[in-house]
Amino acid sequence: MAWYDQYLQEFAIKFNKVQMNSVFGNSNLFYPNPTTDKIYFKIPNDVFQLRIYNLDGRLIQTNEVLKQQPLSTNHLIKGTYILSCSAGTNFIGSDVLIIK
């Protein structure tokens, strides 16, 4: 067993947890998921940076978001995206976003 195997296992567990939470609508970052028109955030920071990526890893959108304001998703086509949130240099989290 290589020294990095434990880290790979921990990463896989965390990644699978993100996938499962998102599939069952239990996102720690936003709701509802899946959505059709807007999402609301459950992030403790009042202001944070949001990045939306498609599944090819291409950056689709970057926003500075206020916690209490919903984000419109009307411009996104139906599909699956990765949503990543940070506050300054601090990473908050990422999750799968499903647009119906």
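**View 1. Asn54 reaches over to the backbone of Arg58.** A polar atom of the Asn54 side chain sits 2.9 Å from the backbone nitrogen of Arg58, and one lies 3.0 Å from the backbone nitrogen of Asp56. For polar contacts, think of a pair of N or O atoms within 3.5 Å; within protein, one must be able to donate a hydrogen and the other to accept it, and residues adjacent in sequence count only if both atoms are side-chain atoms. Asn54 belongs to strand β3 and, at a relative accessible area of 13%, is buried. Here buried means under 20% relative accessible area, exposed over 50%, and partly exposed in between (1.4 Å probe, protein chains only). Setting aside neighbours within four places in sequence, Asn54 is in contact (heavy atoms within 4.5 Å) with Ile60 and Tyr81. This is a predicted model, in which local features need pLDDT of at least 70 and side-chain atom pairs count only at pLDDT 80 or more, while totals for chains, interfaces and linings use all residues. Residues are numbered from 1 along each chain as its sequence is written, and side-chain values use heavy atoms, with hydrogens and water left out.

**View 2. The hairpin of β3 and β4.** Four residues lie between these two strands, and Gly57 takes a positive phi near 90°. The strands run antiparallel and are joined by seven bridges; two strands pair if DSSP finds at least two bridges between them. Look for Val47 opposite Leu66 in β4.

**View 3. An open sheet of four strands.** The order is β4-β3-β6-β7, with antiparallel pairing. At the edges stand β4 (59-66) and β7, each with a single partner strand, so one side of each has no neighbour in the sheet. On average, neighbouring strands are turned by 20° against each other, direction ignored; the axes are lines fitted to C-alpha atoms, for helices over the stretch in contact, and angles run from 0 to 180 degrees between N-to-C directions. Between β6 and β7, which are antiparallel, there are nine bridges, and Ser84 has Ser94 in β7 as its bridge partner. Across the whole protein there are one helix and seven strands, running α-β-β-β-β-β-β-β from the N terminus on. Helices (H or I, at least four residues) and strands (E, at least two) are DSSP runs, numbered from the N terminus.

**View 4. Leu50 in the largest nonpolar core.** This core has 16 residues, and Phe41, Leu50, Leu83 and Leu97 have the most contacts inside it. At least two core residues come from each of β2 (38-41), β3 (47-54), β6 (79-87) and β7 (90-99). A nonpolar core is a set of buried Ala, Val, Leu, Ile, Met, Phe, Trp, Tyr and Cys residues joined through side-chain atoms within 4.5 Å. Not counting residues up to four places away in sequence, Leu50 touches a list of residues including Phe41, Val65, Leu71 and Leu83.

**View 5. Two threonines in loops, Thr73 and Thr89.** Thr73 sits between β5 (71-72) and β6 and counts as buried, at 0% relative accessibility. A polar atom of its side chain lies 3.4 Å from the backbone nitrogen of Lys38. Leaving out neighbours within four places in sequence, the contacts of Thr73 include Thr35, Asp37, Lys38 and Ile99. Thr89, in the loop between β6 and β7, counts as exposed at 83% relative accessibility. From Thr89 to Gln49 is 40 residues in sequence and 9.9 Å in space, C-alpha to C-alpha.
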